Amino acid sequence: MRLSVLGTAALLAVLAGTGAPATPRKDSDAVVTSGKRALKRRSLVVTDANFNEVQVVHVAAGVPTTLSFRQPLRAESVILADVTNAFLPVKATESSIVLIPKWDLGQRSMTTLTVTLADGTILPLLLTTVSGEADIGVDISVALVQQAPPESATVLKASLLELRSELDECRADQGTAGIAKLASLVLQQDLSRPQVFERHELHRRDKQERLLVDVRAAYRIFGHTYLVVTLENRDPSRAWVLDRPELSVTGGSQSIDVSVTAFRMDTTAIAPNDTGKLVVVFQTPPQGSGNSLSLQLLEKNGSRHLRLDGLSL
């Protein structure tokens, strides 16, 4: 870095007459003795325990102090509150900040440096001058967990690990989850009452919106009906994606909506000239000679809706 004439002169004044620097001490802070001041290199670790404390950096006239960050920072968001104009222009990159005071800071002066990391963490630093030492370099590491912002690498990593764990559980249970749920359903049944276990072959086909709909079968078990439908997309240029199915029962002159308990498809989108299979689950409505079922399949973000009336289950 190029210093101004004033900054270079001040630096030479501090270092003049000192001779070769002394051998650094073997501890966590490297120290080079220089005249009346010891030039130190320190490490600061910001954690949840000391996050609310303002960390202090010791600066001195003509001594470049380099702040090095292990996490990337927003160089454009570095703010130096220098009301006495004691510093040369701040040099900031994505990983470091260089501070050069033109003169020592007074004991009553309050000079702060605010640093914003790339993940949004805001770090305030207090700049002071003390007799006997100055920081020539400070390595700053931020290791926050509870105080970390949502965009931080720590929080994102924790969320990723949680999602991965849930995904592993789903994969481990996918073969037996349905069996376990069916066992729970069996436990809810009144064994003193007769149960219906039926499978009905259905043969209802229709062509709508360039889709061939085929109602294939219906299963009845434990008070619920499982309706199996296949759909062939005959549009050569557009896929078809199901938003949701809707059901209603018509008996006489009345039409009653039927709540859909669940629905599953074997594919998220039916590609052109491809076929998908759909299962719609609903509570079995009261059976009657005049009752019929209406099934509506709504396209997601589209207008290619299908409606089948007069289904007899």
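Modeller: Before we start, a definition: two strands pair if DSSP finds at least two bridges between them. Also, this is a predicted model.

Biologist: Fine. How many bridges join β11 to β12, and do they run parallel or antiparallel?

Modeller: There are 10 bridges between β11 and β12, the latter covering residues 211-221, and the two run antiparallel.

Biologist: Which residue in β12 stands opposite Asp206?

Modeller: That is Val213.

Biologist: What is the strand order in the open sheet of 5 strands?

Modeller: The order is β11-β12-β13-β17-β16, and the pairing is antiparallel.

Biologist: Which strands stand at the edges there?

Modeller: β11 (197-208) and β16 (260-265) do. Each has a single partner strand, so one side of each is left without a neighbour in the sheet.

Biologist: And what does the twist average from one strand to the next?

Modeller: It averages 15°.

Biologist: Changing topic. What is the order in the open sheet of 4 strands?

Modeller: That one reads β3-β9-β8-β5, with mixed pairing. Its edge strands are β3 (55-58) and β5 (79-81), and each of them pairs on one side only.

Biologist: How are neighbouring strands of this sheet turned against each other on average?

Modeller: By 25°, with direction ignored.

Biologist: Back to β3. How many bridges join it to β9, and is the run parallel or antiparallel?

Modeller: 4 bridges join β3 to β9 (residues 122-128), and these strands run parallel.

Biologist: Which residue in β9 is the bridge partner of Val57?

Modeller: Leu127 is the bridge partner of Val57.

Biologist: What do strands of a sheet pair through, in general?

Modeller: Through backbone hydrogen bonds, either parallel or antiparallel.

Key. Residues are numbered from 1 along each chain as its sequence is written. This is a predicted model: local features need pLDDT of at least 70, side-chain atom pairs count only at pLDDT 80 or more; totals for chains, interfaces and linings use all residues. Side-chain values use heavy atoms; hydrogens and water are left out. Axes are lines fitted to C-alpha atoms, for helices over the stretch in contact, and angles run from 0 to 180 degrees between N-to-C directions.
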